[in-house]
Structure formats: structure tokens, C-alpha cells
Amino acid sequence: MAKATRKAKLESRTARNKLKTTHEPYWVGIGRGLYLGYRKGAKGGGSWIARYYLNERYIKQKLAKAD
């Protein structure tokens with residue numbers, strides 16, 4: 001069974017700055033089997049990541065640096 005996604009507000013830079021630094025990104029569902037994630041970096045920056053369901057498994061793809 002898939003792990004439940006975290007509910008995090010990722011819309012503003014201020015909200016993203018309040019998040020804790022973790023290895024696993026904060027995910028927001030944007031469609032069926034499609035998620036947008038934000039991974040906060042240890043030195044302040046972060047990364048946008050996409051996760052999508054393909055062939056019965058999730059694929060993660062780094063999109064861009066954030067902020």
C-alpha cells in the first residue's frame with residue numbers, strides 16, 4: 001500500500017521556508033497518479049520533483065531548483 005502524502009502548503013516561499021529539511025519531499029497531488037513535490041535543501045534552497053504512476057510503480061523526476 002502506498003504511503004499517504006503529506007499535506008503541505010507549497011504555494012509561497014514563506015510557507016516553504018517553514019518546512020523541515022527532510023530527504024523525502026513534501027508531496028501535493030495535482031492529478032490522478034500525479035504529484036508535485038518539494039524537497040528542502042540543508043543550505044536553504046530546494047528542488048521541485050514530479051512523481052507519477054507508470055507501469056504499476058512510481059517514477060520520480062527532478063524538475064528544477066526552487067527559490
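Four strands build an open sheet, in the order 1-2-3-4, with antiparallel pairing. The model is predicted. One salt bridge is counted in it, between the side chains of Lys60 and Glu24.

**The sheet**
- Strand 1 and strand 4 are the edge strands. Each has a single partner strand, so one side of each lacks a neighbour in the sheet.
- Direction ignored, neighbouring strands of this sheet are turned against each other by 25 degrees on average.

**Strands 2 and 3**
- Strand 2 covers residues 34-40 and strand 3 covers residues 46-54.
- The two run antiparallel and are joined by seven bridges.
- Across this pairing, Arg39 stands opposite Ser47 in strand 3.

**The salt bridge**
- Which side chains meet in a salt bridge? Those of Lys60 and Glu24 do, at 3.5 Å from N to O.
- Lys60 belongs to strand 4 (residues 57-66). Glu24 sits in the loop between helix 1 (13-17) and strand 1 (26-31). The pair therefore ties together parts that are 36 residues apart in sequence.

**Exposure of the pair**
- Lys60 has 45% relative accessibility, so Lys60 counts as partly exposed.
- Glu24 has 25% relative accessibility and also counts as partly exposed. Buried would require a value under 20%.

Terms used. Residues numbered from 1 in each chain as written. Predicted model: local features only at pLDDT ≥ 70, side-chain atom pairs only at ≥ 80, totals over all residues. Heavy atoms only, no water. Salt bridge = Lys/Arg side-chain N within 4 Å of Asp/Glu carboxyl O. Buried < 20%, exposed > 50% of the residue type's maximum accessible area, 1.4 Å probe, protein only. Pairing = 2+ DSSP bridges. Axes fitted to C-alpha atoms, helices over the stretch in contact; angles between N-to-C directions.
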